Amino acid sequence: MAGDASKKMESAGYASSDMGSLSLGFLAIQEATREKFLLAAGVRLSEERLTTKPLPRFPEPPTRKAHWDHVLEEMSWLAKDFERERKWRYNAGRRYSTAAARRAICSAQERSEKSERSQQLSRKLAARVAREVVTFWNKINKVIQFKDKSSVEFKQQVELERQLGEFACILCTKTFFSA
């Protein structure tokens, strides 16, 4: 563009030394007019854009699926599947960790309760065994008392029989001597 302007000026009779200063002035004027024109065109286009309605979207005509379309569908499905599985694993891990934490807390409580229960059971068992021992020795005491009583009775019986025997001998001798 600048070359065209300098050729026009040279053909109009301007010297090449004058041409440097004149061509710069001419170029500045030309640039200013071009800028005004562009600004006016921009304003006009923006006004047209505001006043005109946008064209409606027309659907694209249906096309047959190519191999690449199937690959894209598969990729989309696989991405969703990966996301679902990642969420599932996260939730499962959270469930298992809370269950393990609950189990640890419960197991500590269960251990203390179990030790208390075992102590109570052992106390009950010890009390039962003690009652059985007392009952056993009470029975033994009764047996000993019975044996003592029976031995005393036996001795008394023997003594009575001996006395009866002596009395019978005395009677026999009295009847023998009195006859």
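**View 1. V129 in helix α3.** V129 sits in helix α3, which spans residues 67–178. The model is predicted. V129 has a relative accessible area of 46%, so this residue is partly exposed: the value lies between the 20% and 50% cut-offs.

**View 2. A nonpolar surface patch.** Five side chains are shown here: L125, V129, V133, F136 and W137. Together they make a nonpolar surface patch of about 490 Å². F136 counts as partly exposed, at 45% relative accessibility. W137 is also partly exposed, at 47%.

**View 3. The aromatic pair F136 and W137.** The count of aromatic pairs comes to one. Its rings belong to F136 and W137, with centres 5.3 Å apart. Their planes stand at 75 degrees, so the pair is edge-to-face; the cut-off for that class is over 60 degrees. Both F136 and W137 also belong to the nonpolar patch.

**View 4. The chain as a whole.** The protein chain has three helices and zero strands. Along the sequence the pattern reads α-α-α. Of the 179 residues, 4% are buried. The accessible surface is about 17100 Å², and carbon and sulfur atoms account for 62% of that area.

**View 5. Confidence along the chain.** Mean pLDDT for the protein chain is 83. A value of 70 or more is reached by 81% of its residues. Helix α3 has the highest confidence, at a mean of 89. Helix α1 (residues 2–11) has the lowest, at a mean of 52. Where pLDDT is low, predicted coordinates should not be read in detail.

Technical notes
Residues are numbered from 1 along each chain as its sequence is written. This is a predicted model: local features need pLDDT of at least 70, side-chain atom pairs count only at pLDDT 80 or more; totals for chains, interfaces and linings use all residues. Side-chain values use heavy atoms; hydrogens and water are left out. Helices (H or I, at least four residues) and strands (E, at least two) are DSSP runs, numbered from the N terminus. Buried means under 20% relative accessible area, exposed over 50%, partly exposed in between (1.4 Å probe, protein chains only). Accessible areas come from the Shrake-Rupley method with a 1.4 Å probe; for residues, only the protein chains shown count as cover. Patches are made of residues with over 30% relative accessible area and no salt bridge: like charges are joined within 9 Å, nonpolar side chains (Val, Leu, Ile, Met, Phe, Trp, Tyr) within 5 Å. A salt bridge is a side-chain nitrogen of Lys or Arg within 4 Å of a carboxyl oxygen of Asp or Glu. pLDDT is the predictor's confidence in each residue, from 0 to 100. Rings of Phe, Tyr and Trp (its six-membered ring) pair if their centres lie within 6.5 Å; planes under 30 degrees apart count as stacked, over 60 as edge-to-face and the rest as tilted.
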